Amino acid sequence: MSKEIIKIFDTTLRDGEQSPGASMNTEEKIQIAIQLEKLGVDIIEAGFAAASPGDFDAISKIAQRITKSTVCSLARAVEADIKAAGDAIAVAKMKRIHTFIATSAIHMEHKLKMKPEEVIKRAANAVAYARTFVEDVEFSCEDAGRSDIGFMKEICDAVIEAGATTINLPDTVGFRLPSEIGAMVREMSEYTKGRAIISVHNHNDLGLGVANSLEAVINGARQIECTINGLGERAGNAALEEIVMAIRTRQDIFNNIDTNIDTKEIYPSSRLIANITGIEPQPNKAIVGKNAFAHESGIHQDGMLKNRKTYEIISPEDIGLDLSDTLVLGKHSGRAAFKDKLAKLGFTLDDEALNSSFERFKVLADKKKDIYDDDLRALVTNEMTKATQIFELVSLQLMDCSSGVPSAAVSIRKDNQEMIDASIGGGTIDAIFKTIDRISGYEGKLMDYKVTSVSKGKDALANVTVKVEFNEDEPAIIGHGLHIDTMLASARAYISALNSYLSMQGMLKKRNPDSSKTV
Ligand code: KIV
Ligand code: ZN
């Protein structure tokens, strides 16, 4: 008997991007969308087109590239948002507009300052307008978890009548327990039976996002909204990898149910997103955390040697994690071995990207004895997602950190012209960033700085993530730098933030949230 498919709606690029510090440049978003398509997600929520020209641009580029997943844009229930969403996804092979309005008493009274009847009218008009752009329209009752179920039935009748094909019931503030979500979903699925697909979108404020999503499936939800690594607003959203692996692993419970996800793409997806956002999953995070398959106790190790099933309910290979083959290449490895290894890791690069990645690999291999899968993933991701290189680091010289006057001399290339300058700073990083400011003419304010080691060893690659504000009216920009020398990685990260900023200029300004005309 063929199984019923639960649609996986991935919102890493929209709700996930709302995680503090997770904003991404257009190239990064495109690479993530390509990976999500490979992972097999049914719907990619590519962003919120009306939020800024940069969001619009990224969604429309994703719409051009993606052919197997539906590409979706979020839109408030206002005309300008829906038009922006419709225009941004216009070229997509399969497209959806996701419009929403709050339905809880607290949101309607204090945030929207609207009467329930007005909210229903606005929602129905929004859906009808969205249908003039696409056939596939999703409507969300924002804060459904705290909304009156009678009112939600009324609004659902109106939006289904107007053409909504999916009804999403978000637990926006992550307040509900599994039994409560289950009861809400059962009642709403029975009420809307056959008229629309019921979807859930659970936030993780009480750590229940995944449990609530699974309970929703048991009670009739046929679409789950989730993110890779559980990224998302505040405590995040339900994690895609946990939901999918729970359904696969517990087929005794979910016996007539499956998803279209290729689970072998879970680990590569998780690494890509961690490398791009600089947000590592906690080590003990289920499925994709660094310790998820590590057996520390002697008793466990003994059991594992006798039979892996004693302590392992999922094998690492099922999620695309190859623990046996992590030591990969060294300085004598040639282009063919390099290309072959990248293909095994799931990267298909065009000739230009392959050449520049290979050059970077050779430079790294000269300095680092063993190169692991995670090093290659980080290196190639960094290469594939960098914005146009307006400024390029040529060299960095550091002086006298010990005497209390740290100083840095930096040389940067722009338009084939090399510029050099030096300055002192409160610390070495301060001196480096100040010098880059002096040379470039842009003064950045450092909002966050993080360094992680990509793999093991004293000669590990440092992955530095910076968040820099170049203009206080615009969002801060994330930059990444990789090098085995942390100071060089820091300089690269700062310059990469500057390059992203410059390549997105004019596209960053957020639109005024209240300026849009209602429908
Ligand atoms: O959490 C939420 O309610 C949302 C909606 C916009 C779907 O993200
Ligand atoms: Zn949300």
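Biologist: Is alanine 144 buried or exposed?
Modeller: This is a predicted model. Alanine 144 sits in the loop between strand S6 (136-142) and helix H6 (149-162). Buried means under 20% relative accessible area. Alanine 144 has a relative accessible area of 0%, so the residue is buried.

Biologist: Which residue forms a salt bridge with lysine 111?
Modeller: Lysine 111 is partly exposed, at 45% relative accessible area. The closest N and O atoms are 2.7 Å apart, and the partner is glutamate 142.

Biologist: How many residues apart in sequence are the parts that lysine 153 and glutamate 187 tie together?
Modeller: The two form a salt bridge, with the closest N and O atoms 2.7 Å apart. Lysine 153 lies in helix H6 and glutamate 187 in helix H7 (residues 178-192), so the pair ties together parts whose separation in sequence is 34 residues.

Biologist: Which helix holds both aspartate 87 and lysine 83?
Modeller: Their side chains meet in a salt bridge at 2.6 Å, N to O. The two are four residues apart, about one turn of the helix, and both lie in helix H3.

Biologist: Is glutamate 118 buried or partly exposed?
Modeller: Glutamate 118 is found in helix H5 (residues 116-130). Glu117, Glu118, Asp148 and Glu154 gather in a surface patch of negative charge. At 41% relative accessibility, glutamate 118 is partly exposed.

Notes. Residues numbered from 1 in each chain as written. Chains lettered and ligands numbered in written order. Predicted model: local features only at pLDDT ≥ 70, side-chain atom pairs only at ≥ 80, totals over all residues. Heavy atoms only, no water. Patch = residues over 30% accessible without salt bridge, like charges linked within 9 Å, V, L, I, M, F, W, Y side chains within 5 Å. Areas by Shrake-Rupley, 256 points an atom, 1.4 Å probe, with all protein chains shown as cover. Salt bridge = Lys/Arg side-chain N within 4 Å of Asp/Glu carboxyl O. Lys, Arg positive; Asp, Glu negative; His and termini not counted. Charge placed at Lys NZ, Arg CZ, Asp CG, Glu CD. Buried < 20%, exposed > 50% of the residue type's maximum accessible area, 1.4 Å probe, protein only.
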